[in-house]
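Open the structure in your viewer and keep the selection tool handy. We will go from one stop to the next, with something to pick out at each.

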Amino acid sequence: MPGTYAGKLLRINLSTGKIKKEDIPENLLKKFIGGRGLASKYLYDEIDPTVDPLSPDNKLIFTTGPLTGTPAPTGGRYMVVTKGPLTGTIASSNSGGFWGAELKRAGYDMIIIEGRSEKPVYILIKDDEVAIKDASHLWGLNTHETTDKLLEESGEHTAKVACIGPAGEKLVKFACVINDKHRAAGRTGVGAVMGSKMLKAIVVKGTKKIVAFDEEKFRQVIKEKIDTMRKNPITGEGLPKLGTKVLDNIINENGLYPTRNFQTGVFEFTYEVSGEALVEKGYLIKNKACYACPIGCGRITKLPSGREGEGPEYETGWAFGAACGVKDLIAITEANFLCNELGLDTISTGVTIACAMELFERGFIPKEDLSKGPELRFGSSEAIVYYTKAIAYREGLGDKLAEGSYRLAEAYGHPEYSMSVKRQELPAYDPRGAQGHALEYATSNRGGCHVRGYMISPEILGVPEKLETQKLEGKAQWVKIFQDLTAVIDSAGLCLFSSFALNADDYKDMIVAATGFDYSTDDVMKCGDRIWNLERLFNLKAGIKPEEDTLPKRFLEEPLPEGPQKGAVVKLRELLPEYYKVRGWSEKGIPTEEKLKELELE
Amino acid sequence: MKIKVKFFTLLKLYLGIEEYEVELDNNSITVNQLLDILEEKIGKKFTFKLREGGKLKKGVIILVNGKNVFHINGINTIIKDGDVISMFPPGGGG
């Protein structure tokens, strides 16, 4: 098997209890790299895309890339790939920490979970030994309690744990998988799929050595890339010093910091909740790095109450902050801690509460539906904390909120107030403020998402070069390149943040030295294109229509009401046809036979 | 003329200053001239994060009334009375 791949996958059927180890064909690794790409290929081949995501027929795949578990900078990433319950699309969710590297060291590139157990179980992996164990005593526990108990009873105190909290058990449509207590495969509801299989956790202990195809060359290449990242002002200074919350003021001053459920792009209390405030108020204790990461953007924080945890990150701070009109950094951090403990995606949780606030303030959610809960008013610290808990346990209105903003708003007759794409909540950039980023939202294969082609980088941050936010020319091509490159990074097992400093050539260098595959940079980018198209094919077969490549009406019709980009709306009608064209798809958004042939798909 | 300069992220933390008002006899100055003035008043630790070889460093964001100077006239962008200038060293996240 070439280089840093383990070359094996674990197939575990929870209905039958059968555990199998299989070889992964080398030609698949070469075509799909690993991680997101490889798992998408297995999912595409093995499940009917129209399957109910929460049925035993869906499969849940945990996957690493060729650089996961190696010293490559940020090489600690793994992905969870499945059909998502929030969107009905292919769902793939990425996480850092240490769990992915441990899985690779145990000798597996991937775990495919099938079927459904009758009672709660967890999976224990110690290198070649794999067992399905009873987890009845863990059902109902939060992710921290679960992790502590499993480390204790497995007798492997240095093992790594990925698990779900009560939200996953209750099939909250945006429940996440939490590993190492604080890192989340956050988006698309992968935790609900895990819960539907009655799988509480996967504990891994690995002791094998990962050796590159050309170890000497690999070490040399890695050293070069780490050096590039250390010297880069973003990965070497901005992100280490302020974490992702370096962005609050940048995005707000540029007028696209979504406020009060995206009604405007400027939040007047940003100074109270920004990354700078987190430092100045003394809540930040220290930074924390994931496996093999020279950046260390994680934040360990402690509130005046003595409660300690990780976060908030930019997205989380915003989702509970500006999106809900809340300026109380303590309540925001508390809601973040709760999401980690209960196993909830912070973006969807915050934005669903923001949607409920708008529905309530407009009189569409009647007061009696709140049961004993506080009023859903923008700015309410009490509401964000209360409803986060209510969602995880599906209590009172929490049961409706647990379905996500789209189904909530639809149930109250006003789906237009759900700020989502393909039913997944949008993250912390108002699309009216960056046309390329808007196109990325509309076309993301996993629904509303900023990390499938982060156009904020060129449009706002000026990396790798500055593009004008409102110009349309060339944006479709940029989006395609960013989407393809991101698919490569996700498949290689690296963190997207490495791309602030590294380019496609850098990724190619690392993958080639690790695997021995004779890729050119163009070959690697073609893998990205292939992965993107395969995900698109899955979605089309799942019944997701190209008409869903769109945005909420608010962004297409209501101009930004204030700030430096006042008056802007998303010009999707002009952007989308160009995008389909550069993708080599038909005018209707379907990959052409010619394109699929070029990519050796089908 | 009177202008307001707002410092963010690492600049704010390093300098311990959030806002700075500059009063000048001129009717207008360029961003480059403003950087010279601020360097004189605040010190070099301020500009080395922003400027290199007479150009703005890659990823530096300077906004004049919310508009990125990159799309106006870069470091030679004109600043007038009453303008608000926001300054950020390179930053990223997501």
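Which residues of S3(A) lie on one side of the strand, and which on the other? Before you select them, note that this is a predicted model.

**First stop: strand S3 of chain A**

Select residues 60–64 of chain A, which make up strand S3. A:Leu60, A:Phe62 and A:Thr64 sit on one side, while A:Ile61 and A:Thr63 sit on the other. In a regular strand, side chains alternate between the two faces of the sheet. Both faces of S3(A) are covered, and 5 of its 5 residues are buried.

Strand S6 (residues 110–114) of chain A is joined to S3(A) by 4 bridges and runs antiparallel to it. To find this pairing, select A:Thr63 together with A:Met110, its bridge partner in S6(A). Strand S4 (residues 78–83) of chain A also pairs with S3(A) in the antiparallel sense, over 4 bridges. Here, the pair to show is A:Thr64 and A:Tyr78.

**Second stop: a sheet of 3 strands**

Move along chain A to the open, antiparallel sheet with the order S13-S14-S15. Its edge strands are S13 (284–288) and S15 (308–310), each pairing on one side only. On average, neighbouring strands in this sheet are turned by 20 degrees against each other, direction ignored. Select S14 (residues 298–302) next to S13(A), and you have two antiparallel strands joined by 4 bridges.

Show both chains now. In this contact, 31 residues of chain A meet 23 residues of chain B. On the chain A side, the elements that give two or more residues are helices H8 (233–242), H9 (247–253), H11 (275–280) and H19 (456–461). Colour H8(A) first, as its 7 residues are the largest share of that side. Colouring by class gives 16 nonpolar, 9 polar and 6 charged residues on the side of chain A that touches chain B.

**Last stop: helix H2 of chain B**

Finish with residues 31–42 of chain B, a helix of 12 residues that reaches 16 Å from its first C-alpha to its last. Which of its residues are buried? They are B:Val31, B:Leu34 and B:Leu38. These residues are on the same side of H2(B) because they cover an arc of only 55 degrees around the axis. Their cover includes strands S1 (2–7) and S9 (84–88) and helix H3 (44–47) of chain B.

Definitions and conventions
Residues are numbered from 1 along each chain as its sequence is written. Chains are lettered from A and ligands numbered from 1 in the order in which they are written. This is a predicted model: local features need pLDDT of at least 70, side-chain atom pairs count only at pLDDT 80 or more; totals for chains, interfaces and linings use all residues. Two residues are in contact if their C-beta atoms, placed from the backbone, lie within 7 Å. Ala, Val, Leu, Ile, Met, Phe, Trp, Tyr, Cys and Pro count as nonpolar, Asp, Glu, Lys and Arg as charged, and the others, Gly among them, as polar. A residue is buried if 20 or more other C-beta atoms lie within 10 Å of its own, exposed if 12 or fewer, and partly exposed in between; C-beta atoms are placed from the backbone. Two strands pair if DSSP finds at least two bridges between them. Axes are lines fitted to C-alpha atoms, for helices over the stretch in contact, and angles run from 0 to 180 degrees between N-to-C directions. The expected span of a helix is 1.5 Å times one less than its number of residues. The arc is that of the directions from the helix axis to the C-beta atoms.
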